[in-house]
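Please look through the sequence and the 3D model shown below before reading the briefing. The notes that follow are grouped by topic.

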Amino acid sequence: MKYYIITGTSKGLGKAIAERILSDPGNFVIGISRTASIHHDNYEHLFINLSEVDSLHKFYNSIFPNFKNPSKICLINNAGSIGEITYLGKQHDSKIIDGYNCNVIAPALLMNEFVSRYRNNDASKLILNISSGAGKKPVDGWSVYCSSKAALDMQTAVAANEAKFSHSNFRFFSLAPGILDTPMQTEIRKVSPEDFSRVEEFINYKKEHMLVSPEKVAEKIWRLLENENNYKGVVMSVNEV
């Protein structure tokens, strides 16, 4: 059996990834989000708010169980928050903290515990972080999102570098999935131009059917997960898969 721990499975890309993985009866998924929308014999849901990082350790035994004879164990840090879209000087402290907690701190904590728990397990082990192209270029109004995704990319790159020195059989990827037709895009389109100069551009993405379905990207992610040795990069774009 192959086991997948996936955050943010209630909607969007996380749900699509989980459902694609569950289409193979040899896979089991532990999903993490505040609400549940998947019902499957090989699916277990954990109701966790990833922004509440101070209490995340209380769930470690449920998130990272002692799997029986796994052939593969995979952590997919998919959950992410666009946060409060507005310029510096107008942001609320709580929104800044929540954004970094969800996008950086929670994935870092989960990565650390994953490596600690399964270091001596003989199964194939992989961590996939869902990043963003916004982590590679500045976007006005998105300071928390851009900087947190840049941090996630670097966290992944460092982990991959450490794996070489420790001679462990962990693989690490940070993947930018492109512009998807998800609830996050709906949030972006509601923002005032005073808080995000490119809002009209994102409205047009929807109008002109330029947004990619989560299911299409989930299929590519499944290809990466099943053929990890074919990919030598660490920080990648979905276009490379």
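This is a predicted model: local features need pLDDT of at least 70, side-chain atom pairs count only at pLDDT 80 or more; totals for chains, interfaces and linings use all residues.

Residues are numbered from 1 along each chain as its sequence is written, and side-chain values use heavy atoms, with hydrogens and water left out. Helices (H or I, at least four residues) and strands (E, at least two) are DSSP runs, numbered from the N terminus.

**The sheet**

- Seven strands make up an open sheet with parallel pairing, in the order β3-β2-β1-β4-β5-β6-β7; two strands pair if DSSP finds at least two bridges between them.
- β3 (43-47) and β7 (235-237) stand at the edges with a single partner strand each, so one side of each has no neighbour in the sheet.
- From one strand to the next, the twist averages 20 degrees, where axes are lines fitted to C-alpha atoms, for helices over the stretch in contact, and angles run from 0 to 180 degrees between N-to-C directions.
- Strand β2 (residues 27-33) pairs with β3 in the parallel sense over five bridges, and Phe-47 in β3 is the bridge partner of Ser-33.
- Helix α4 (residues 143-166) packs on the sheet, where it touches β5 (124-130), β6 (170-176) and β7, and its direction makes about 160 degrees with that of β6.

**Strand β2 and Asn-27**

- Seven of the seven residues of β2 are buried, so this strand is largely enclosed by the rest of the structure; buried means under 20% relative accessible area, exposed over 50%, and partly exposed in between (1.4 Å probe, protein chains only).
- Both faces of β2 are covered, with Asn-27, Val-29, Gly-31 and Ser-33 buried on one side and Phe-28, Ile-30 and Ile-32 buried on the other.
- In a regular strand the side chains alternate between the two faces of the sheet.
- β1 and β2 pair in the parallel sense over six bridges, and Lys-2 stands opposite Asn-27 in β2.
- Asn-27 is buried, with a relative accessible area of 2%, and, leaving aside neighbours within four places in sequence, Asn-27 is in contact (heavy atoms within 4.5 Å) with Met-1, Lys-2, Tyr-4, Ile-21, Leu-22, Asn-42 and Trp-222.
- Asn-27 and Tyr-4 are 23 residues apart in sequence and 7.5 Å apart in space, C-alpha to C-alpha.

- In helix α6 (residues 199-207), the residues Val-199, Phe-202 and Tyr-205 are buried.
- Viewed down the axis of α6, these buried residues fall within an arc of 110 degrees, so they line one face of the helix; the arc is that of the directions from the helix axis to the C-beta atoms.
- The buried residues of α6 pack against α5 (183-189).
- Helix α7 (residues 214-226) has 13 residues and reaches 18 Å from its first C-alpha to its last, close to the 18 Å expected at 1.5 Å a residue, the expected span being 1.5 Å times one less than the number of residues.
- Pro-214, Val-217, Ala-218, Ile-221, Trp-222, Leu-224 and Leu-225 are the buried residues of α7, and, seen down the axis of α7, they fall within an arc of 160 degrees, so they line one face of the helix.
- The exposed residues Glu-215 and Lys-216 are carried on the face of α7 turned away from its buried side.
- The elements that cover the buried residues of α7 include β1 (2-7), α1 (12-22), β2, β4 (72-77), β5 and β6.

**Nonpolar cores**

- The largest nonpolar core has 30 residues, and those with the most contacts inside it are Ile-5, Ile-63, Phe-114 and Phe-172; such a core is a set of buried Ala, Val, Leu, Ile, Met, Phe, Trp, Tyr and Cys residues joined through side-chain atoms within 4.5 Å.
- At least two residues of this core come from each of β1, β2, α2 (60-63), β4, α3 (93-118), α4 and β6, and α3 gives the most, with six residues.
- A second, separate core of 29 residues includes Ala-16, Ile-17, Tyr-43 and Leu-175.

**Positive phi in two loops**

- Asn-69, in the loop between α2 and β4, has a positive phi near 50 degrees and is exposed, with a relative accessible area of 74%.
- His-209, in the loop between α6 and α7, has a positive phi of about 55 degrees although it is not a glycine, and His-209 is exposed, with a relative accessible area of 72%.
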